[in-house]
Amino acid sequence: MAVGNGTTKEEGLVVSFGEMLIDFVPTASGVSLAEAPGFLKAPGGAPANVAIAVTRLGGRAAFVGKLGDDEFGRMLASILKQNGVVDSGIVFDSGARTALAFVTLRADGEREFMFYRNPSADMLLTEAELDRDLISRAAIFHYGSISLITEPCRSAHLRAMEIAKEAGALLSYDPNLRLPLWPSPEEARDQIMSIWDQADIIKVSDVELEFLTGENSVEDDVAMKLWRPTLKLLLITLGDKGCKYYTKDFRGVVESIQVKPVDTTGAGDAFVGAMLRRIVTDQSALQDEKKLREILRFANTCGAITTTKKGAIPALPNEAEAQEFLQRV
């Protein structure tokens, strides 16, 4: 399959790096894990969700990561393939299981997590197992911070970033903070910030902004503590209030679309996938505020649609759904 290195805009490939796992979601909302009468298994993992969000919207995406050579791992690889995600960057580990996460859906649709990964296959990806050719063909290389938690995956993550950067890709970073997975909050903060200066695009939530800055505020002066001269775009997502954007030359707010949320799982990934899907086809939007605002309105819409259905991947919208939704509001 021929892919572009951003040389022609139509061929822009988004390569997403990191974890893919099984979320077990309670069949009833607003109950603790112990009280849940049953669970539905749902494919998850932010980097994988982003890759599928891109292909759902007609874009080209690949996933790089490690899965257990077990029924769940094969199921996840199959889901990526069914959704048109290039799967040549997936490796399987016969000695470790695919990661599991039990997710509590509170009455307001927000989530709490309990993870089973000691260690899971995604944590065991090595530098030698990286599909360097695939990574070097990325127009955008996207990643989170969970892959920074332990070796050998951390070294593989850092090397993958180098390969992508050397080949001319834009680097996109969504820390996707999951505190229970880190040894301590201090370690989480230090490691998340350790690669901050290398990204071109960074998206954080309002909760992550507070965690990283220590300030309970989304005002510009607080957000700018995360700004670096190396950045092309910093995004702060504000849940149902939309998002804030910062570039070298302009900043602003894009309001969200109001919906009745059922499950917020995957909303941030839908937002990121939609944003990358648009930027990979027209990187000039990073210097053009009108274009960027249109992209972020589209991304907000995709995020909002995702909250109206249960699960992450099943809820990710396609282009027609997103456009129809935009025309109604």
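Reply: Start with helices: a helix is a DSSP run of H or I with at least four residues, and a strand is a run of E with at least two, both numbered from the N terminus. Threonine 301 is found in helix H9. This is a predicted model, where local features need pLDDT of at least 70, side-chain atom pairs count only at pLDDT 80 or more, and totals for chains, interfaces and linings use all residues. Residues are numbered from 1 along each chain as its sequence is written, and side-chain values use heavy atoms, with hydrogens and water left out.

Me: Why is threonine 301 called buried?

Reply: Buried means under 20% relative accessible area, exposed means over 50%, and partly exposed lies in between (1.4 Å probe, protein chains only). Threonine 301 has 0% relative accessibility, so it counts as buried.

Me: What is threonine 301 in contact with, leaving aside neighbours within four places in sequence?

Reply: Contact means heavy atoms within 4.5 Å. On that basis, threonine 301 is in contact with Ile257, Ala322, Phe325 and Leu326.

Me: Why are H8 and H9 called roughly antiparallel?

Reply: Two packed helices are described by the angle between their axes and the distance between the axes. Axes are lines fitted to C-alpha atoms, for helices over the stretch in contact, and angles run from 0 to 180 degrees between N-to-C directions. Angles under 35 degrees count as roughly parallel, over 145 as roughly antiparallel, 65 to 115 as roughly perpendicular and the rest as oblique. Helix H8 (residues 267–279) and helix H9 (residues 289–306) cross at roughly 150 degrees, with axes coming within 7 Å. H8 and H9 are therefore roughly antiparallel.

Me: Which residues in H8 and H9 meet?

Reply: Those in H8 include Ala267, Phe271 and Met275; those in H9 include Ile295, Leu296 and Asn300. By class, the contact has eleven nonpolar, three polar and one charged residues. Here Ala, Val, Leu, Ile, Met, Phe, Trp, Tyr, Cys and Pro count as nonpolar, Asp, Glu, Lys and Arg as charged, and the others, Gly among them, as polar.

Me: Why does cysteine 243 count as buried?

Reply: Cysteine 243 is at 0% relative accessibility, so it counts as buried. Its place is in strand S12 (residues 243–246). Not counting residues up to four places away in sequence, cysteine 243 touches Phe271, Leu296 and Asn300, among others.

Me: What makes S12 and S13 a pair?

Reply: Two strands pair if DSSP finds at least two bridges between them. S12 and S13 have four bridges, in the antiparallel sense. Lysine 244 stands opposite valine 253 in S13. A hairpin of four residues joins S12 to S13.

Me: How do the side chains along strand S13 alternate?

Reply: Gly252 and Val254 point to one face and are buried.

Me: How many bridges join S2 to S3?

Reply: Six bridges join strand S2 (residues 21–26) to S3, and the two run antiparallel. Valine 25 stands opposite leucine 40 in S3.

Me: What makes S3 and S7 edge strands?

Reply: The open sheet has four strands in the order S3-S2-S6-S7, with mixed pairing. Strand S3 (39–44) and strand S7 (111–116) each pair on one side only.

Me: Is alanine 315 buried or exposed?

Reply: Alanine 315 has a relative accessible area of 0%, so it is buried. Alanine 315 is found in the loop between H9 and helix H10 (319–328).
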